[in-house]
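Please open the model in your viewer and keep the sequence panel beside it. The stops below say what to select next and what can be found there.

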Amino acid sequence: MTLDFSGKHAVVTGASRGIGEAIVRQLDAAGARVALVARSADRLESIAAELTNDPLVVVADLSTHESIDQISTAVLEAFGGLDVLVNNAAVERNQPASKVTGEAIDETLFVNLRQAFMLCSAFAKPLFSSNGSIVNITSTAATGAGGTQGAYAASKGGLNTLTKNLANEWANKGVRVNGVAPGLVDTEMWEPTFDALGEDAVRTSFVKRVPLARWGTADEIANVACFLASEQASYVTGQTIRVDGGMTNI
Ligand code: NAP
């Protein structure tokens, strides 16, 4: 199956590394013109320099209220419309619940959930016009089983629920809304955990939970995200697909 995004316009948040970068590269390779959103200007520019379909770089901090207007204005001025929105940016601040700070809870829920919702809303009209598609990157942490991840797990559980709700609300607008819930994926998101607990120990002990007995790659998440965003998934909406090597099979 070859995905074709020729003539389509996409926004990917958290595009400066990891899973977001992989989604950007796959969308671009399939013909989409992509807007790359994150805070790290240098990283965004160097990824954009390797793309082929005249990408747009939008340096924005999703922890600020004004970033929503900033992103939607820049994208709609450059693209004139939108076909695909991928809400991928997230923060993960691992804190035991007995020591969690209000600031960490606020930032996590704000960036991971509120701003994803706000971007859906900001791009609603152009997505209605194009019969477009939204993909939210959630997490298997939404099951709540991860420990010391209360705010992060709650933000991703909220995103799963938002995915279903928007899918129903916007089905009659021709907009599909789906999610991808990664399990263990080898990205920089794990660096604080590696630093705290030791990389070898984390890699070996965490993988014991995975029936496929290995960590996933960013491209393996991007494969499913791009499928859900594409016309090949035209009869799929309101679904969050777990891509976790079987870790949460029950
Ligand atoms: P990552 O390497 O930490 O990348 C996170 C991305 O989000 C970066 O591009 C970062 O860009 C961006 N970001 C963070 N805060 C931002 C802010 N305030 N404003 C704008 N952009 C911001 O993480 P990843 O592993 O690729 O994760 C991508 C998605 O997959 C996330 O939604 C994550 O929750 C989910 N996920 C990952 C795993 C895993 O094992 N890796 C598992 C489950 C779910 P800047 O720092 O440049 O702003």
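**Stop one: helix α2**

Begin by selecting helix α2, residues 41-48, where L44, I47 and A48 are buried. The arc that these residues cover around the axis is only 100°, which puts them on the same side of α2; the arc is taken from the directions that lead from the helix axis to the C-beta atoms. Buried here means under 20% relative accessible area, exposed means over 50%, and partly exposed lies in between, with a 1.4 Å probe and protein chains only. Helices (H or I, at least four residues) and strands (E, at least two) are DSSP runs numbered from the N terminus.

Before moving on, note that this is a predicted model, in which local features need pLDDT of at least 70 and side-chain atom pairs count only at pLDDT 80 or more, while totals for chains, interfaces and linings use all residues. Residues are numbered from 1 along each chain as its sequence is written, and side-chain values use heavy atoms, with hydrogens and water left out.

Contact, here and below, means heavy atoms within 4.5 Å.

Select V75, which is placed in helix α3 and is buried, with a relative accessible area of 0%. Leaving aside residues up to four places away in sequence, V75 touches V11, A35, L56, V58, G80, L82 and F123. One of these deserves a distance label: V75 and A35 are 40 residues apart in sequence, and their C-alpha atoms are 6.9 Å apart in space.

Then go to F79, also listed in helix α3, residues 67-79, and buried with a relative accessible area of 9%. With residues up to four places away in sequence again not counted, F79 touches H9, A10, R33, V34, A35 and L56.

**Stop three: α1 and α9**

Which angle do the axes of α1 and helix α9 make where they cross? Select α9, residues 218-229, together with α1, and you will find that their axes come within 8 Å and cross at roughly 55°; the axes are lines fitted to C-alpha atoms, for helices over the stretch in contact, and angles run from 0 to 180 degrees between N-to-C directions. The two helices α1 and α9 are therefore oblique to each other, given that angles under 35 degrees count as roughly parallel, over 145 as roughly antiparallel, 65 to 115 as roughly perpendicular and the rest as oblique. To see the contact, show the side chains of G18, I19, A22, I23, Q26 and L27 of α1 with A218, D219, I221, A222, N223, A225 and C226 of α9.

**Stop four: α4 and α6**

Next select helix α4 (residues 102-122) and helix α6 (residues 150-170), whose axes come within 9 Å and cross at roughly 15°. That angle makes α4 roughly parallel to α6. Among the residues that make the contact are L109, L113 and F117 of α4 and L159, L162 and W170 of α6.

**Stop five: two loops**

Finish with N131, in the loop between α5 (124-130) and β5 (133-137), which has a positive phi of about 50° although it is not a glycine. N131 counts as partly exposed, at 46% relative accessibility. A213 is exposed, with a relative accessible area of 54%.
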